[in-house]
Amino acid sequence: MAKRVMVTGSNGYIGCVLCRELKDRGNEVVGVDSRLYPENFKVQGYPYEVDGLFYRMEDIRDLKEAHFEGVDVLIHLAGLSNDPLGDINDKVTRKINVYAAVEMVSLAKKAGVKKLIFSSSCSVYGFSPMESPVFFVETSPKHPVSTYAETKLVCEGALNQLNDSDFTVQILRNATVYGPSPRMRFDLLINAMTATSFFGDQIVFYSNPQVKRPLIHIRDLCNVILFFVENDLEPDTYNVGRTRDNFSISDIAVLVVRAFFERFGKDIRLRYSIDNADPRSYLVDFSKLQNVCPGALVNEVSGGIQEMIDHFVANFSPEDDIMDKETSFHSIQHLLKRMEKGELDEEFRVLKR
Ligand SMILES: NC(=O)c1ccc[n+]([C@@H]2O[C@H](COP(=O)([O-])OP(=O)(O)OC[C@H]3O[C@@H](n4cnc5c(N)ncnc54)[C@H](O)[C@@H]3O)[C@@H](O)[C@H]2O)c1
């Protein structure tokens, strides 16, 4: 049955694709986003503004109980969403990702919303020693290694406290996402490697190439979220991804290098920049999700790499220097530039559009 669904972070990397899919399945969608980032990537079939989709250009910190009137399901994606971004301002990251989130969800519950789907992250597991790798399940010990990951874990705990017979909290710990979206993020593994290979000729490792990360295609993640919108399950926490999609960074690089060679005869160089090595490394077990919604994940990493290349070919020339010139492709540079221009304050509130 169609539902009225509110999506916070509706104009972000995942939100743009999710809102379209929700709408296509007949749901009434209300998008809430303070618009930290502009549209920066053309994706066929995914206009930024979906016809008939109602957007609220609001900060989640300003939402009132009345905004949730008639909403059945709240999907919370908004926040400062990557590890280095969380380190720019530790305190503000906690304020937005934890306090504002919990306050907003409490208001939603008070207003009669029945279900929350919270977009958490597998990065809460943090680190598993490479010499004795273990596959993390939902109940495994957590060792978040960044402010961002820590905020996800703390927020999960606080949101779980809101569960009762009238309100269900589903926590989705997503793998690292890849694939095209109208608001592109190039701080994510496959997206970054394909971009630096297309617009340059290299892949840079910012961590030991042997570290492990699980991956998920953006449309597969949206399928999983749709499953939780449409099905009323007991409140729970799920790792979201597929166990066979745990890769080492070097495995991914090999796939990207091969794709560029086969398609363009182009040689991609591998560079190492591990001064500030990213310590995250985790293998994740996704069998719990697989048991509840088998078939939601259909995309393969190699296909996702080709899809990224197709989008670059359709919209850019390799000579376009989007990675350097167009800072909207880089979350952190984009936000710092907006602050410099007086468009954002230090609490990441939008002052000017
Ligand atoms: N992309 C991934 O690989 C991944 C993996 C695991 C979890 N997640 C989580 O999924 C969610 C969405 O991720 P994304 O990749 O789309 O990130 P994103 O940065 O592209 O989107 C976040 C959106 O939230 C908005 N926003 C930020 N602060 C806000 C505020 N105070 N009020 C209203 N809007 C605000 C931004 O304008 C942006 O559009 C995030 O919570 C992220 O942590 C993402």
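R35 is partly exposed because 16 other C-beta atoms sit within 10 Å; the label covers everything between buried (20 or more other C-beta atoms within 10 Å of the residue's own) and exposed (12 or fewer), with C-beta atoms placed from the backbone. Before going on, keep in mind that this is a predicted model, where local features need pLDDT of at least 70, side-chain atom pairs count only at pLDDT 80 or more, and totals for chains, interfaces and linings use all residues. Residues are numbered from 1 along each chain as its sequence is written.

Back to R35, which you'll find in the loop between β2 (28-32) and β3 (54-56). Helices (H or I, at least four residues) and strands (E, at least two) are DSSP runs, numbered from the N terminus. The backbone of R35 has a phi near 60°, a positive value in a residue other than glycine. Most residues other than glycine have a negative phi. F348 has a positive phi too, about 60°, and is not a glycine either. Look for F348 in the segment after α11 (331-340). F348 counts as buried because it has 22 C-beta neighbours inside 10 Å.

Now for the ligand. Of the 29 residues around it, G9, G12, Y13, L36 and V177 come nearest, where being near means having a C-beta atom, placed from the backbone, within 6 Å. Two or more residues of this shell come from each of α1 (13-24), β5 (115-121) and β8 (176-178). The largest share, three residues, belongs to α1. Sorted by class, the shell holds 10 nonpolar, 13 polar and six charged residues. Here Ala, Val, Leu, Ile, Met, Phe, Trp, Tyr, Cys and Pro count as nonpolar, Asp, Glu, Lys and Arg as charged, and the others, Gly among them, as polar.

In the loop between β5 and β6 (135-136) sits C122. With 27 other C-beta atoms within 10 Å, C122 is buried. Leave aside its neighbours within four places in sequence, and C122 is in contact with R173, N174, A175, P214, N239, G241, Y282 and V284; contact means C-beta atoms, placed from the backbone, within 7 Å.

Next, a pair of helices. Helix α5 (residues 189-198) packs against α7 at an angle of about 35°, and their axes are 10 Å apart. Those axes are lines fitted to C-alpha atoms, for helices over the stretch in contact, and angles run from 0 to 180 degrees between N-to-C directions. On the α5 side, L189, I190, M193, T194 and S197 meet I252, A253, V256 and F260 of α7. The residues of this contact divide into seven nonpolar, two polar and no charged.

R258 also belongs to α7 (residues 249-264). Its 13 C-beta neighbours inside 10 Å are why R258 counts as partly exposed. The C-alpha atom of R258 is 9.9 Å from that of S302, 44 residues apart along the chain.

Finish with α6 (residues 218-230). Its 13 residues should span 18 Å at 1.5 Å a residue, and the end C-alpha atoms are 18 Å apart, which agrees; the expected span is 1.5 Å times one less than the number of residues. Helix α6 is mostly covered, with 10 of its 13 residues buried. Among them are I218, R219, D220 and F228.

Definitions and conventions. Two residues are in contact if their C-beta atoms, placed from the backbone, lie within 7 Å.
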